[in-house]
Amino acid sequence: MFSLLFLEVLILIGSFYAGAGLRIFDGDEFVLPKLDHFFMSACVFAAAIVFSMSALGMYQVKVSEGLRNPFFLQLMPSFAMGFCILTLVFYLAPDLYFGRGILILVFCISGTGIVLARIVFLKSSELSILESRIMFVGCGQLAKECGELVTRSGSYHKYHVAGYVAVPGEDITVPRERLLALDPGRSLVQLARQNRVSEIVVSVQNRRGGTFPIKDLLDCKLYGINVTDSTTFFERETCQIRVDSVQPSWLVFGGGFDQSWMRTFMKRSFDVTASLLLLVVTLPVMLVTALAIYIEDRAPIFYSQERVGKNGNVFRVLKFRSMFTNAEQGGKPQWAAKNDPRVTRIGNIIRKLRIDELPQILNVLKGEMSFVGPRPERPYFVEQLTERVPYYNVRHSIKPGITGWAQVRYGYGDSVEDAVQKLQYDLYYVKNNSLLLDVLVLIDTFKVVMFRGGR
């Protein structure tokens, strides 16, 4: 979707200049305003519209739906939200204001441009020339899951499954009619070229022994056929890292997991800036919340609890109290259930709106947490999950966050199975964390809170 996002940013900035040129048409030529002033205004306009479209889920495109009603039902509210954001920006920075007449023209031109861009984008996805022919080496459960993943509807990247190559020692769980026979004297390269395969996904669970065709796969790569590991394939298609199929060597020698000083500096700068802005904006909300908690259930207003942070260090996270006092009377930690009876009426509201998390801004400013990162867990559960879930401690290589990739992609969890699913998203974030990914997580968090009532 990054290509669509980039295209629409160009359309929005271009529409701004087109609207300005049409509005300030003088005789036989266009008189454009000063570059520095209007370029900043154009960037602000594009950022406001892109943020609004992202918040309403317009970059989670389902190709199967095409340009049906959901697209237009999202486009108009997106422009309305963008208009409100621009109004606030112009109030705070009046020098960026470019006139009502230009604004109307810009919205009309950009709306038309975005609709046309979406039509081209979705129609191009139907072209068979853009379809990749893919072959799986393996015939077991892992190969079956990979095959089901590429055939699911709604994905922009289209695949055609050429078939599966059986590997000795694996139980056949894929449809037998989809198996490709590798006759004696015939190489894997010849089989791939015969079926016009552009990518081979290695989906073999057990690669030990002499039956794994490593030399044939190297030949395929040398002939220009893309050879992909199943873990990388799952990461690319689902934005998560499967813990049940990942190899330790993949974590060690693969890309990502960069903890350089520059990335640390950029992330810390982003954390402090975003936290201070959020603190100023939400201070009235926090004061009202504190008063409501006190009226319903008296003190204490805040709830402090031990959590595991970076490198396994334990710190105390600060939240608004959303449960009755003495919620764990037995003294044994409990998973918080989705409809937990221990939650107060005010607690239920602030949990849905994520207001109970706001005091963690202080943890971020103290350097114990980041704004975006894996959610911190209690030491009692960390000890259990570390023993039962492979690679669970990898999530502790970076600071935990107020919100995270797992929260916006998976949502609520109250069991070990849910913890495994969320870990797979956490591993993806730890491997690929960047300022851009943090911004995307914040946009998705805003969308979850405002338009889905929280997860």
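**Overall architecture and local features of the predicted model**

The accessible surface of the protein comes to about 23900 Å². Carbon and sulfur atoms account for 61% of that surface. The model is predicted. The protein has 455 residues, and buried residues make up 46% of them. Its secondary structure consists of 16 helices and 10 strands.

Strand β5 spans residues 199-202 and is joined to β6 by 4 bridges. The two strands run parallel. Within this pairing, V201 has T228 of β6 as its bridge partner.

The patch is nonpolar and covers about 610 Å². W261, M262, F265, M266, L435 and V439 make up this patch. The elements that give two or more residues to it are α10 (261-297) and α16 (435-451). Helix α10 provides the largest share, with 4 residues. F265 lies in this helix. The relative accessible area of F265 is 49%, so F265 is partly exposed. That value is over the 30% required of a patch residue.

The salt bridge is formed by K267 and D438, whose side chains meet at 3.0 Å, N to O. This pair links distant parts of the chain. K267 belongs to helix α10 and D438 to helix α16, and 171 residues separate them. Both partners are buried. K267 has 13% relative accessibility and therefore counts as buried. D438, at 2%, also counts as buried.

A search of the whole structure finds 16 salt bridges. E237 forms a salt bridge with R236, and the closest N and O atoms are 3.1 Å apart. E237 is buried, with a relative accessible area of 16%. R236 is partly exposed, at 37%. D244 forms a salt bridge with R242, with 3.0 Å between the closest N and O atoms. Here the acidic residue D244 is partly exposed, at 46% relative accessibility. R242 is buried, with a relative accessible area of 11%. Salt bridges also link several residues at once. K319, D356, E357 and R375 are linked in a network of them.

S15 lies in helix α1, which covers residues 2-23. At 5% relative accessibility, S15 counts as buried, because the limit for burial is 20%. Leaving aside neighbours within four places in sequence, S15 is in contact with V106, I109 and S110.

The second residue, G309, sits in a loop. This loop runs between β7 (302-308) and β8 (314-320). G309 counts as buried, at 3% relative accessibility. Not counting residues up to four places away in sequence, G309 touches F315, H396 and P400. The C-alpha atoms of G309 and R378 are separated by 9.5 Å. Along the chain these two residues are 69 residues apart.

Note on methods: Residues numbered from 1 in each chain as written. Predicted model: local features only at pLDDT ≥ 70, side-chain atom pairs only at ≥ 80, totals over all residues. Heavy atoms only, no water. Patch = residues over 30% accessible without salt bridge, like charges linked within 9 Å, V, L, I, M, F, W, Y side chains within 5 Å. Areas by Shrake-Rupley, 256 points an atom, 1.4 Å probe, with all protein chains shown as cover. Salt bridge = Lys/Arg side-chain N within 4 Å of Asp/Glu carboxyl O. Buried < 20%, exposed > 50% of the residue type's maximum accessible area, 1.4 Å probe, protein only. Pairing = 2+ DSSP bridges. Contact = heavy atoms within 4.5 Å.
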